[in-house]
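Here is a short report on one protein chain. Keep the sequence and the 3D view open as you read.

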Amino acid sequence: MGRVIALLLAVSFACAPAVAASRAEKERSVLIANLRAHITELASDAYDGREPGTEGETLTLRYLGRQWFDIGLESGTNDPGHAWFTPVSLIGREPDRSAALFSRKGRRVAVPGSAVLVLTSGKRSLLENAPILFVGKGDAIPPRAELAGRIALMLDGGRDGSERQNAMLGGGASAVLTVLDSSRTIDTVVSQRRRLAYGIAGEELGGDLETFISAAALDRALTGTGQSVAGFQKAAQRDDFTPIPVDLNATFEATTRETRINTHNMIGRLLGKRPDAGAVLIMAHWDHFGRCAPQATDHQICNGAIDNASGLAAMTEIARRLARAPQLDRDVYFVATTGEELGLLGAEAFAENPPVPLKQIVAAFNIDSVALAPAGQPFAVIGAGMTPLDVQIAAVARQQKRKIAPGNAANAFVKRQDGWALMQHDVPAVMISSSWSDLGRVERFMNGDYHRPTDRVKPDLELGGAADDVDFHVALARWFGDLKKVPAAGK
Ligand SMILES: [Zn+2]
C-alpha cells in the first residue's frame with residue numbers, strides 16, 4: 001500500500017504543472033471562443049452597424065444586457081427610474097442658412113452670395129455690422145482690446161485653420177473670416193462641412209461664426225479702398241506685421257437644422273465589499289456608424305467588428321472573470337458608452353451625470369479596438385504620464401510578468417478615445433492594450449478597415465492580443481479594487 005501511495009503521489013506531483021497548463025490552455029480557448037462569439041454577433045448585419053437611436057442600438061443593448069445579467073452584474077445606473085440604461089439625448093446639426101452682407105461707410109458693397117460661406121455651431125448666430133481686422137496668418141493673437149467685437153480676417157495658409165480660428169474667437173473676435181487661397185474653394189469647404197455635427201442636447205452652444213470668402217470676391221469688395229488681398233498677403237509676410245483695420249464692415253447670419261437622437265449608455269456594476277471605498281471603471285463604446293458606404297456598393301453596413309465589437313467582447317469577458325473571482329473591496333462599474341464615434345458624447349454624458357461621484361473613481365480603463373495584435377505583445381498605455389496610475393500599472397505588469405511598451409508614442413491617440421472625456425473631468429483614465437503597442441500595426445488598420453464597411457469578422461480574426469488584454473484588465477481591476485493594494489484616498 002505504502003509503496004503504491006508513494007508512487008501515486010509522485011505521479012500526481014509530476015502531473016500538477018501539466019494539469020495546470022492544460023487548464024490554462026482550456027480557459028484561454030474558452031475565452032477566445034467567447035470573444036469570437038460576441039464579436040460575430042455584435043458585428044453581424046442584423047445589428048446594422050450599431051447606430052445610436054436605431055434598431056441596431058436596441059439589439060446591441062439587449063444582447064449585452066442579457067450577457068451581463070447572466071454573468072451576475074446588477075444595474076449600475078444608481079437610478080431606480082432607469083435600470084441599466086441611462087438616456088442620452090443628442091442633437092445633430094447641419095448647416096442651413098448662410099448669409100453675408102458687406103458695407104462701407106453705411107453703403108452696401110456687392111459681394112455674390114456664392115462667394116461667401118457663413119457657418120455656426122449653434123442653432124442661429126447673427127452678427128450685425130461689425131468692423132473687420134486683418135490678422136495675417138492668424139499665428140499671433142492681437143490684444144483683446146483690438147480684437148473684441150471685430151471680425152478677424154485671416155489668410156487660409158493651406159493647413160487646418162480650426163485651431164487658429166478658435167484662438168481668435170477665444171481672444172475676443174466676434175467672428176473669423178478666412179480668405180481662401182488657391183488650395184480651397186467655397187465649394188470644397190461646403191462639402192467638408194456638410195456632415196452633421198453632434199452635441200449633447202441641452203448644452204450651452206457656442207454661437208460662434210466661422211466664415212469664408214474667396215480671394216476674388218474680397219478683392220472686388222475692396223475696390224477703391226487701396227487695400228487688396230495681394231497687399232494683405234505681402235503684409236502678413238513681414239516680421240513686424242501688425243493687424244490692419246479693413247475698410248469694410250460685415251453682417252453675418254447662419255442657422256443650422258437639428259436632428260435629435262435618443263440613445264443610451266448602459267451601466268452594470270459588480271458589487272464590492274466596501275462600496276464607500278470608491279470604484280473601478282471599465283468602459284467600451286458600443287456605437288458605430290450604421291450604414292456608411294455609398295448607396296451603390298453592395299455592402300453598405302459599417303459592422304465595426306474591431307471598432308468596437310471587440311472592446312464590448314473584451315469588457316464582457318472581463319466582467320465574467322471578475323464575477324467568478326473572490327469579491328473585491330471596491331465596486332467595479334462596466335459602462336458601454338454611446339456616441340463615441342460622434343465625438344465621445346456618451347462618455348461626456350456619463351461624466352456630467354455619473355452614477356458615482358467622479359472623485360470616487362480610482363481608475364478608469366477604456367477598451368477600444370482590441371482585436372489587432374497577436375498574443376504575447378507588450379501593452380501600450382494610452383494616457384501614460386498623464387495620470388497618477390503609471391506606477392500601479394507597472395506593478396500589475398510585474399505581477400503578471402508582462403511588458404509595458406516603453407515611451408508614450410501611443411498617446412497620439414489619447415484624444416480619440418472615450419477615456420479623454422473622463423480625463424477632462426479629472427478622472428484618472430487610461431487605455432491599455434497590446435493592439436496599440438506597434439504603431440505600424442495601428443497605422444495599417446487606420447489606413448485599411450478602420451471606419452469602413454470592411455471592418456467585418458474575417459476568418460483570420462486575431463484574438464490572441466484581445467485575450468491578453470482581458471487577462472491584464474482582470475488583474476488591473478483586482479489590483480485597483482483591492483484596498484490593500486490601492487488604499488482609499490486620504491487614508
Ligand atoms: Zn471608431
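Helix H4 spans residues 162-170, and its buried residues are Arg 164, Gln 165 and Met 168. Helices (H or I, at least four residues) and strands (E, at least two) are DSSP runs, numbered from the N terminus. Buried means that 20 or more other C-beta atoms lie within 10 Å of the residue's own; exposed means 12 or fewer, and partly exposed is in between, with C-beta atoms placed from the backbone.

After H4 comes Gly 172, with a positive phi near 115 degrees.

This is a predicted model: local features need pLDDT of at least 70, side-chain atom pairs count only at pLDDT 80 or more, and totals for chains, interfaces and linings use all residues. Residues are numbered from 1 along each chain as its sequence is written.

## The strands under H4

What do the buried residues of H4 pack against? They pack against strands E6 (151-155), E7 (175-180) and E9 (209-214). Contact here means C-beta atoms, placed from the backbone, within 7 Å.

E7 is largely enclosed by the rest of the structure, because 6 of its 6 residues are buried. Ala 175, Leu 177 and Val 179 point one way from E7; Val 176, Thr 178 and Leu 180 point the other way. E7 pairs with E6 in the parallel sense, over 5 bridges. Strands count as paired if DSSP finds at least two bridges between them. Leu 155 stands opposite Val 179 of E7. E7 also pairs with E9 in the parallel sense, again over 5 bridges. There, Thr 178 has Phe 212 of E9 as its bridge partner.

## Nonpolar cores

In soluble globular proteins, nonpolar side chains tend to be buried together. A nonpolar core is a set of buried Ala, Val, Leu, Ile, Met, Phe, Trp, Tyr and Cys residues joined through C-beta atoms within 7 Å. The largest one has 90 residues, and Leu 281, Ile 282, Ala 314 and Val 332 have the most contacts inside it. Helix H8 (residues 305-324) gives the most to this core, with 10 residues. Another core, of 38 residues, lies apart from it; Val 116, Leu 117, Ile 213 and Val 229 are among its members.

Leu 281 touches Tyr 333, Val 335, Ile 361, Ala 364 and Phe 365, leaving out residues up to four places away in sequence.

## Phe 350

Phe 350 is found in helix H9 (residues 345-352). Why does Phe 350 count as buried? Because 28 C-beta neighbours lie inside 10 Å. Phe 350 touches Asn 265, Val 335 and Thr 337, not counting residues up to four places away in sequence. From Phe 350 to Ile 267 is 83 residues in sequence and 9.6 Å in space, C-alpha to C-alpha.

## The whole chain

The chain has 13 helices and 15 strands. Of its 491 residues, 45% count as buried. The C-alpha atoms fill a box of roughly 115 × 50 × 45 Å along the principal axes.

The chain is divided into domain 1 (33-72 + 271-480) and domain 2 (92-258). These bounds come from an automatic or database domain assignment. The C-alpha centres of domain 1 and domain 2 lie 40 Å apart.

Conventions:
Two residues are in contact if their C-beta atoms, placed from the backbone, lie within 7 Å.
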